[in-house]
Amino acid sequence: MFDAFETSRFLGRPVRLFVFTRQALVWRFASADRDIVIGADTYLAAQIERDEIKQTAERAKDKLGIRFAYLRDPDAPAEIIPSTQTLGDNWHPYPPSDTVSVRCLATHYGDTDPPAVEWIGVVTQPKFSDVELELTCEPDNGLARARN
């Protein structure tokens, strides 16, 4: 049975959710104009977006790009620091030696169902600009495959 939010032309207000995990640390963000609370979890409103998900026969083409606001200026005023700044600090000035996993979910404003999991993977490479960080992610941990 289709959910009313998914099939409605006017009721659907989709929101993409992101959960990043590094060891015991967790960051939750929503591509929304306000924070979203789902159960006991709060997803911070953020300037964050991702590429469309692709699943092909060639694994190298299945990478996902996630972009979010990140300021490299150490003298930036506190009032303009984005909510994603602490997440980006994992890769600046040096990438972490351990794995950062990512889950991409989707929901709608006002939806009572749990968010749908759309993609799960790990961050493999950061790319900085002055005001943005782009993370390249793979569907699973390619490092484990390389070791074997």
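**Notes on the aromatic cluster and its surroundings**

1. Ring pairs link F20, F29 and F68 into a cluster, where rings of Phe, Tyr and Trp (its six-membered ring) pair if their centres lie within 6.5 Å. This is a predicted model in which local features need pLDDT of at least 70 and side-chain atom pairs count only at pLDDT 80 or more, while totals for chains, interfaces and linings use all residues. Residues are numbered from 1 along each chain as its sequence is written, and side-chain values use heavy atoms, leaving out hydrogens and water.

2. The structure holds 3 aromatic pairs. The ring centres of F20 and F68 are 6.5 Å apart with planes at 65°, so this pair is edge-to-face (planes over 60 degrees apart; under 30 counts as stacked and the rest as tilted). The pair links distant parts of the chain, F20 in strand β1 and F68 in strand β6, 48 residues apart (strands are DSSP runs of E, at least two residues, numbered from the N terminus).

3. Both F20 and F68 are buried, meaning under 20% relative accessible area with a 1.4 Å probe, protein chains only. Beyond four places in sequence, F68 touches residues including I48, L87, V131 and L135 (heavy atoms within 4.5 Å).

4. Strands β7 (residues 101–108) and β8 (residues 116–128) pair in the antiparallel sense over 6 bridges (pairing needs at least two DSSP bridges), with A106 opposite A116 in β8. A hairpin through 3 residues joins β8 to β9, and Q125 has T136 in β9 as its bridge partner.

Methods: Helices (H or I, at least four residues) and strands (E, at least two) are DSSP runs, numbered from the N terminus. Buried means under 20% relative accessible area, exposed over 50%, partly exposed in between (1.4 Å probe, protein chains only).
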